[in-house]
Amino acid sequence: MNGGYISSGDLQALWVTLQLAGLSTLFLLVLGTPMAWWLARTHNRLRAPAEALIALPLVLPPTVLGFYLLLAMGPDGPLSGLSLAFTFGGLLLGSMAYSLPFVVQPLRDAFAAIGEQPLEMAACLGASPTDRFRSVVLPLARPGYVTAAVLGFAHTLGEFGVVLMIGGNIPGETRVLSIAVYEHVEALDYSRAHILSAGLLILSFALLLVVYTSRFRRREDA
Amino acid sequence: MPALRVLLLSLCLLPGMAASAEIKVAVAANFAPTLRELAEDFSADTGHRVLISSGSTGKHYAQIRNGAGFDIFLAADSKHPELLEAEGVGVAGSRFTYAVGRLALWVPGEPGLGSPEEYLRTADFTRLAIANPRLAPYGLAAQQTLEIWQLWDQLQPRLVRGENIAQAHQFVATGNAPAGLVALSHLRAGGEPDGTFRLIPDSLHQPISQQALLLRPGEVAEAFLRYLRGGAATELIQASGYQVPVDR
């Protein structure tokens, strides 16, 4: 690693990756909140199929997801009008589908753990639904939000199969870190692959450390 | 008694098993469909089985360096077999070019495609799919061609790079890129109509030489390589969209 260097292309890949992970996480938190809320409270018989659908990316190889996204973005696909293939927007959509369960499931569990009682009490005290959500649900579900955000971010950081299928490896737009590492390894440029891989390893460890440290601290506070 | 009968029966089978051996071949993804046909032909003649592992040449190289048990390496280029030979892996002197790939411009939406240079210079396409020049010999050939036509810089914003030539083909086949510089062998395998693609003159780039290397001596593996150089195999390889050097 000594004497190694990071090329501007690799820095660009890092920047694209951070943007992709950050934006996917942000959109997923906004979109996942009503989904998770519904899943946590509903007795609708559509709940089971919805849960199964959301959990699919946990089971499916990312290449399957990427392949169907590629077909969907093609001229005969349902997304053809948006010209998403080989664009950052397309990757964003793919990442959101890919990381969906990692955000929705912790939120769902956090909402379910709150139970009816605190909400009923707040309602008795005259709190409006928005007020109840802001001042009761959000603070109580905070650990769930932290877990959802970190897992969503970290999972997108490590995304490979989907990007490989729909990205097209365009510098500054769809060339993310995992693709850059893969390219360096395949081209037998192991030293540059090492720099990026070690960086990703340290970043991922630091992120997970944040989650677990905050968890332990809460437990000690309680 | 039944135990004895089973024992005798299996003793009878043993020589038969020795006669039909199997060899393991690591083959570049672009040649795998052709190899499957060749292997069938070879098996029908000799009774030996050919186990095919299709993948990227870079990955196969790393696996072979780390002791993967292949008998033959059919690479997508000449660089990796040369490296292995120089590193003392494989049988020295067994390396030869088994096929030379041809590059073609493919535009499925243009049934009467004219000169590829003219098209790339003037047509209003959104994306051009190529293989990654750093990883795939077809990608390097595409880059060299575009550089000679002085289109490389100009086309940068419109280039999408597949990890290998099969992926570049896939980008065009799924309609996500309207045009691509792809392998003739893939066009032949997909049965694409003649008017939608044009060959790139092979004087514009270094030959896409795909080389074979015998990884460990063995009767069957050597027989297969002899078959690969023979007339029947040559015809099949040519029909699949490759050239075969005369002096091999």
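Predicted model: local features only at pLDDT ≥ 70, side-chain atom pairs only at ≥ 80, totals over all residues.
Residues are numbered from 1 along each chain as its sequence is written, and chains are lettered from A and ligands numbered from 1 in the order in which they are written.

Let me begin with chain A, whose secondary structure comes to 10 helices and 0 strands, where helices (H or I, at least four residues) and strands (E, at least two) are DSSP runs, numbered from the N terminus. Its C-alpha atoms fill a box of roughly 65 × 50 × 25 Å along the principal axes. Of the 222 residues in chain A, 33% count as buried, which means that 20 or more other C-beta atoms, placed from the backbone, lie within 10 Å of the residue's own.

Turning to chain B, we find domain 1 (2-100 + 210-243) and domain 2 (103-199), with bounds that come from an automatic or database domain assignment. The centres of these domains, taken over C-alpha atoms, are separated by 31 Å. Their contact (C-beta atoms, placed from the backbone, within 7 Å) takes 11 residues from domain 1 of chain B and 13 residues from domain 2 of chain B.

Finally, how many residues does each chain give to the contact between chain B and chain A? Chain B gives 13 residues and chain A gives 15 residues.

How values were computed. Buried ≥ 20, exposed ≤ 12 C-beta atoms within 10 Å, placed from the backbone. Contact = placed C-beta atoms within 7 Å.
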